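This briefing concerns the salt bridges of the structure shown below.

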Amino acid sequence: MIKIIDGKIECSNKNIKIERNIITINDSTEVLFIEGYNNDEIIINVKANLNIIEKNINNSNLIINIFDDLIINYQIVSFFKQRTNREFNLKENSKLELLEINLNENDNNLIINLNETNASLIYSCLAINKGNNATFNQIVNHNNKHTYSEINNFGVALDKAFINFNTTGKITQGNKGSTCSQLSKGIITNNGKISTNPILLIDEYDVKAYHGATIGKMSDEQLFYLMSRGLNKQEAFTLILLGTINPFINGIKDFNLKEEVENSIKNII
């Protein structure tokens, strides 16, 4: 585990090199945890296939460099108010599977740079907010040929909460064979609001680029069906919602953290 406390980085793993604010991971490990609070910029160099779990990082600027031919599973979980900037830089044939689960107020910026050929991103973001505001600024830069990005956002806005997904995909001229996909979905209740702002900036013909959004209230028919089977409205709502967001929760690699997320979601809704 890597702990970041008041800007100081602590780690007992000998395979992880720490030099000031730079963390270099040279060898694979089953799961690497990064947890804590920091006010400075932190650079993480990933040179091995890895599962990384980042928990409750706040007020930080994180730069994650992923080297050639790697598969990285990176999970972000936040239970508290958060404001963090993250930048991922992917080299040739590197693959990033990025999962973010946010259960509180936040204002996060995410930049993904697909810098070399065949670099790819699959990003899933789940935001559940009750009575607060949450903003996700997401930018994917296709900086080379045959790069791939897929963004899937899902928001649940409860009790006047406002969730805002600002998603931008850029494919610059000459980077043919690239694919840029954006999809945002959401459920609103009790005057909650979800805004999606998809932007595609495409300067090349030989590419695939598309976006879509579906926002609305939970189906009355589904609620009525479960209520006719003996559940009250809140129980029916919770059951349907948990079934919908389970793919996000199941993406968490650590059992204890997964259980913590499930319990927190149940308390929120």
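Three salt bridges are present in this predicted model. Each is described below by its partners, by the elements that it links and by the accessibility of its residues.

**Glu 54 and Arg 86**
- The closest N and O atoms of the salt bridge between Glu 54 and Arg 86 are 2.5 Å apart.
- Because Glu 54 belongs to strand S7 (residues 50–58) and Arg 86 to strand S10 (residues 84–90), the pair ties together parts that are 32 residues apart in sequence.
- Both Glu 54 and Arg 86 are buried.

**Lys 55 and Glu 260**
- Lys 55 pairs with Glu 260 in a salt bridge whose closest N and O atoms are 3.2 Å apart.
- This pair links distant parts of the chain, with Lys 55 in strand S7 and Glu 260 in helix H3 (residues 255–268), 205 residues apart.
- Lys 55 has a relative accessibility of 16% and therefore counts as buried, under the 20% cut-off.
- Glu 260, at 32% relative accessibility, counts as partly exposed.

**Lys 130 and Asp 159**
- In the salt bridge between Lys 130 and Asp 159, the closest N and O atoms are 3.9 Å apart.
- Lys 130 is in strand S13 (residues 120–130), whereas Asp 159 is in the loop between strand S15 (148–158) and strand S16 (162–171); the pair links distant parts of the chain, 29 residues apart.
- Lys 130 counts as partly exposed at 43% relative accessibility.
- Asp 159 likewise counts as partly exposed, with a relative accessibility of 29%.

Technical notes
Residues are numbered from 1 along each chain as its sequence is written. This is a predicted model: local features need pLDDT of at least 70, side-chain atom pairs count only at pLDDT 80 or more; totals for chains, interfaces and linings use all residues. Side-chain values use heavy atoms; hydrogens and water are left out. A salt bridge is a side-chain nitrogen of Lys or Arg within 4 Å of a carboxyl oxygen of Asp or Glu. Helices (H or I, at least four residues) and strands (E, at least two) are DSSP runs, numbered from the N terminus. Buried means under 20% relative accessible area, exposed over 50%, partly exposed in between (1.4 Å probe, protein chains only).
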